[in-house]
Amino acid sequence: MLALVLLTGYSACAQQLTLPDAPSHHKFFDRQNTVAFSTLAGLIAVDAVTTQRLTNSGQAREANPLWRPMVQQGWQGEMAASALGFSAALGVAYTFHKTGHHKMERWANWFTVGIEAANDTHNLFLDARR
Ligand SMILES: [Zn+2]
């Protein structure tokens, strides 16, 4: 009986010791990623609207040479560019997630959100000066 108590006590202790070292597994669409992707989607929508307003008024042109040909096509091109940009961000995050680089995954998500927020701020600033 004493041996059984000692054994279960020991195994419980061993489990406690191994838990912090276990690799962190989380679902791809967990709370933090869902918040990051939703925020990014909203920021991309603001980017699309402000970019079209600025380019249609002739006040500015798309600065990114990759997006420029699409953005110049008007709303359809803008939507395509937005979808591509969002898919790329999701693809990068998913690649990091699947390869077990969860810290890089989080970092990349919030970095993208930060870049897009700065971009929106710039667009809104230009738009406000019209
Ligand atoms: Zn992950």
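The model I am reading is predicted.

Entry 1, I44. With residues up to four places away in sequence not counted, I find that I44 touches S82, G85, F86 and E116.

I looked up the largest nonpolar core and found six residues: L40, L43, I44, A89, A93 and V113. Helices α2 (31-56) and α4 each supply at least two residues of this core. I note that α2 gives the most, with three residues.

I next examined helix α4 (residues 75-98) and helix α5 (residues 102-128), whose axes come within 7 Å and cross at roughly 165°. Angles over 145 degrees count as roughly antiparallel, and α4 and α5 are therefore roughly antiparallel to each other. I record the crossing of α4 past α5 as left-handed. On the α4 side I list A89, V92, A93, F96 and H97; these meet H102, M104, E105, A108, N109 and T112 in α5. I sorted the residues of this contact into six nonpolar, four polar and one charged.

I located A81 in helix α4. Is A81 buried or exposed? A residue is buried if 20 or more other C-beta atoms lie within 10 Å of its own; A81 has 23 within that distance and is therefore buried. Leaving aside neighbours within four places in sequence, I find A81 in contact with W67, M70 and V71. I also looked up A81 and L66, which are 15 residues apart along the chain, and their C-alpha atoms are separated by 9.1 Å.

Key. Residues are numbered from 1 along each chain as its sequence is written. This is a predicted model: local features need pLDDT of at least 70, side-chain atom pairs count only at pLDDT 80 or more; totals for chains, interfaces and linings use all residues. Axes are lines fitted to C-alpha atoms, for helices over the stretch in contact, and angles run from 0 to 180 degrees between N-to-C directions. Helices (H or I, at least four residues) and strands (E, at least two) are DSSP runs, numbered from the N terminus. Angles under 35 degrees count as roughly parallel, over 145 as roughly antiparallel, 65 to 115 as roughly perpendicular and the rest as oblique. A crossing is left-handed if the near helix is turned anticlockwise from the far one by less than a right angle, and right-handed if clockwise. Two residues are in contact if their C-beta atoms, placed from the backbone, lie within 7 Å. Ala, Val, Leu, Ile, Met, Phe, Trp, Tyr, Cys and Pro count as nonpolar, Asp, Glu, Lys and Arg as charged, and the others, Gly among them, as polar. A nonpolar core is a set of buried Ala, Val, Leu, Ile, Met, Phe, Trp, Tyr and Cys residues joined through C-beta atoms within 7 Å. A residue is buried if 20 or more other C-beta atoms lie within 10 Å of its own, exposed if 12 or fewer, and partly exposed in between; C-beta atoms are placed from the backbone.
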